[in-house]
Number of protein chains: 2
Amino acid sequence: MVNLLLVSHGDLADGMLSAMHLIVGEQEGVVAISLKETDSIDELETRVDAAIEELSVSGSVLLLVDLFGASPFNICVKLIAKHPDLQVVTGINLPMLLETVMQREGQPVEELAKIASEAGRNGIRSLQELMDQAAQA
Amino acid sequence: MVNLLLVSHGDLADGMLSAMHLIVGEQEGVVAISLKETDSIDELETRVDAAIEELSVSGSVLLLVDLFGASPFNICVKLIAKHPDLQVVTGINLPMLLETVMQREGQPVEELAKIASEAGRNGIRSLQELMDQAAQA
């Protein structure tokens, strides 16, 4: 089974887990790490590295990150040198998290990264767009 | 200026705001409402309705919701009957929130809903996909 590590600014990653708990309950091998205002980048890197080490014991690891190009993302990319089997997907949202949690059994981590991206994009819907499409159909 | 109301399960909406604060600081007219385990759906509806009323005083309102088809979303859709100018976008993520915060000045709410969807989808990137694309280029 693929383990999931959520890495974000502020309480975003913890907030995602709290929403997930409300919908599908506690899940094994799903961990959140947050960069707080008082944390240094080095501290965050140490915490992310340690979490990857721990999660790697029981399976491969998919990192779901809040924002492309910012510090949490940059740390994850840097850690690929040490953990080459890591996969990283940015722009975490709840549809992405729920779909990866439900599909991670028996899925290679590369495949789960694709599932994460697709579920995340498909879960973004504008009510106006949907009504326009319905009016045209 | 368009005001933003984030509605979610658990602490997701508050977590999004906390990440936003870390990156761009406090923002006027950006409010989070969360459905907790002990809340009733009616209570949530009352809180969302009151927040829309309050935010509508100073501008139009864009609702950014965590998940299509679940209770927070259904409440928002129901409230369109009362507040017909509302726009609703689901699958909130940090790129969506940051882009709407930065672009909401002088933007009609319908246009901002499109910007939100596009920024949300564009912010979802898989490192593997990016490396595959770079290798093909």
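Which residue is the bridge partner of A:Leu63 in β4(A)? Select A:Val88 to see that partner.

This is a predicted model, in which local features need pLDDT of at least 70, side-chain atom pairs count only at pLDDT 80 or more, and totals for chains, interfaces and linings use all residues. Residues are numbered from 1 along each chain as its sequence is written, while chains are lettered from A and ligands numbered from 1 in the order in which they are written.

**Strand β3(A)**

Select residues 61–65 of chain A, strand β3. Strands (E, at least two residues) and helices (H or I, at least four) are DSSP runs, numbered from the N terminus. Of the 5 residues in β3(A), 5 are buried (20 or more other C-beta atoms, placed from the backbone, within 10 Å of their own). A:Val61, A:Leu63 and A:Val65 point one way; A:Leu62 and A:Leu64 point the other.

**Its neighbours**

Next, show β4(A), parallel to β3(A) over 4 bridges.

**The side facing chain B**

Now display both chains. 40 residues of chain A are in contact with 40 residues of chain B (C-beta atoms, placed from the backbone, within 7 Å). Elements giving two or more residues to chain A's side include β1 (3–9), β4 (87–90) and α5 (109–122). Finish on α1(A), which gives the largest share, 9 residues.

How values were computed. Two residues are in contact if their C-beta atoms, placed from the backbone, lie within 7 Å. A residue is buried if 20 or more other C-beta atoms lie within 10 Å of its own, exposed if 12 or fewer, and partly exposed in between; C-beta atoms are placed from the backbone. Two strands pair if DSSP finds at least two bridges between them.
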